[in-house]
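Thanks for making the time this morning. Please bring up the sequence and the structure, and I will walk you through them.

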Amino acid sequence: MIRSPKLWSWIAVILGALYFFLPLIGMFEFSLRARRGVYSFDAYANVLGDPQFRATFGFSLVMSLVTIVLGILIVTPTAFWVRLRLPHLRPAIEFITLLPLVIPPIVIVFGYIRLYNTSSWLPLTGSIMGTNVLLAFGYTVLSLPYMYRAVDTGLRTIDVRTLTEAAQSLGASWFTIIGQIILPNVLVAVLSGAFLTFAIVIGEYVLAALLNRPAFGPYMVWMGGNKAYEPAALAVIAFAITWGCMGLIQLATGLQKHTRGAR
Amino acid sequence: MTESTTTGGPIRRGRSEAWNWVGVAPFLLFALLFLILPTMQIVIGSFRNPAGDFTLANIAGLFSPQVMKPFWLSIRISLLTAFLGCLIGLILAAAVTRGGLPRAFRDGTLTFSGVASNFAGVPLAFAFIATLGRLGLVTVLLRDWFGINLAAAGFNLISFAGLAITYLYFQIPLMILIITPALDGLKPEWREAAQSLGASGNQYWRMVALPVLWPSLLGTFALLFANAFGAVATAMALTGSSLSIVPIILFAQIRGDVLGDPHLGYAIAFGMIVLTGIANLIYIVLRTRAERWLK
């Protein structure tokens, strides 16, 4: 379109920019106010020096890595198998992977608490390790829609059938085929799902709070109720993490197009 | 899901068919244990009394005033932010795709929307407290520069309006992300055809563009509704528990049975599934309809 910019579109964009940038500027400015009368990074120093911050952030970091690994282990063989052997099951499997977007997370965790309580057949919430396992599987469920789509997109770019048959004729086992042929080929596509999973898990609140695990999300809420400037510093850190993950996703998608083009 | 309904080729039956199912067994087991059974537990529980017998009393309890009020509040906030999210998102998307602005605006808006739609939850609440809260940047600047006292003017961030303004921060970008491809699908030929028939810009939007976009708009509206309805962390961090929307009531109920009836908690969760389920169903149906025009 070669028309000159219209007035209304300028007004819309300027108002939109005000709405979207003011809270970002606001939280940054607020996070610098910890020392009276002068801007400083004290709030950040307080946060980063807080042992609770390190413990909860570390916990969520490990949780998100476990979730990513679990997601890859569960989703990759399934998406591969559905493409290769059970194409008629595709709609059903896809429907299941979309369910976590339909059922609110608070309902899912409510179900966990009732189903896996101490007096149930599988008392996962009875021990710390069991609760951690439950939390990791819960996060895997939350990330399922994104992970499945990422892996499936990756599989679309390779010829699954030919690769599998070639490997089979060379005597490869299913384990070898998935681990050494399929996974490396979809890894770049998996990355975009992995970064999104990371962004979701690192600040997640509801599951961690209701399962009573010391994660970063509940820590942030606790800070919000007890400190003035530190929460803003935490918000800045969280926003930086979200930006980082989205940037890495763009990078991964770019890389994917690049390798596909070179094929 | 039943195995007997599979329509696999008649050649690969018997042992081979069974072997095929082994490949997806881990996934199905995972989905069963951590997604389907927990949800079933809630759904079944909402039709049972504490003794385990079938009852409709819990569902009837949903219509008692103490439960209707939070549901109505949640529905209103979800409808309002979905509507405003759609409207403002459409205007912004139209401005950057059709407004004749430099291309960089479009790319920048889309990238930012990708980030902002994922910047929900606790940090988002903190950002708004730091901006529009009692000592927030905008509150202070309005007071010092323009002499406008937001609190005296009746504005309070910890309120229905405050929560709506905060929700829009992830609602509008989601709308932009979904509606931009639909706007790109509006072919220039349609506009030219309309113009050559003597239509004004206004008439083109009203009689050509909007009818084509209608399924996308309505579908996204449903998606935004579900998006706002299920949000817990943002509201929790912003308002504590002073604003009784459904997820916050459910949260308190799970923690400590504030309603004094565990099975009413099941019914509330079931009510949430029904509402977000219907909204998502509308979204999926309308999206398939909308995609017809984008080919």
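This is a predicted model: local features need pLDDT of at least 70, side-chain atom pairs count only at pLDDT 80 or more; totals for chains, interfaces and linings use all residues.

Let me begin with chain A, where, among contacts between residues at least 6 apart in sequence, 74% join residues at least 24 apart; two residues are in contact if their C-beta atoms, placed from the backbone, lie within 7 Å. Residues are numbered from 1 along each chain as its sequence is written, and chains are lettered from A and ligands numbered from 1 in the order in which they are written.

Chain A has 11 helices and 0 strands, where helices (H or I, at least four residues) and strands (E, at least two) are DSSP runs numbered from the N terminus. The C-alpha trace of chain A spans about 75 × 70 × 30 Å along its principal axes.

Turning to the partner chain, 65 residues of chain A are in contact with 60 residues of chain B. Helix 1 of chain A provides the largest share of the side that touches chain B, namely 13 residues.

Asn212(A) is partly exposed because 13 other C-beta atoms lie within 10 Å, between the limits of 20 or more for buried and 12 or fewer for exposed, with C-beta atoms placed from the backbone.
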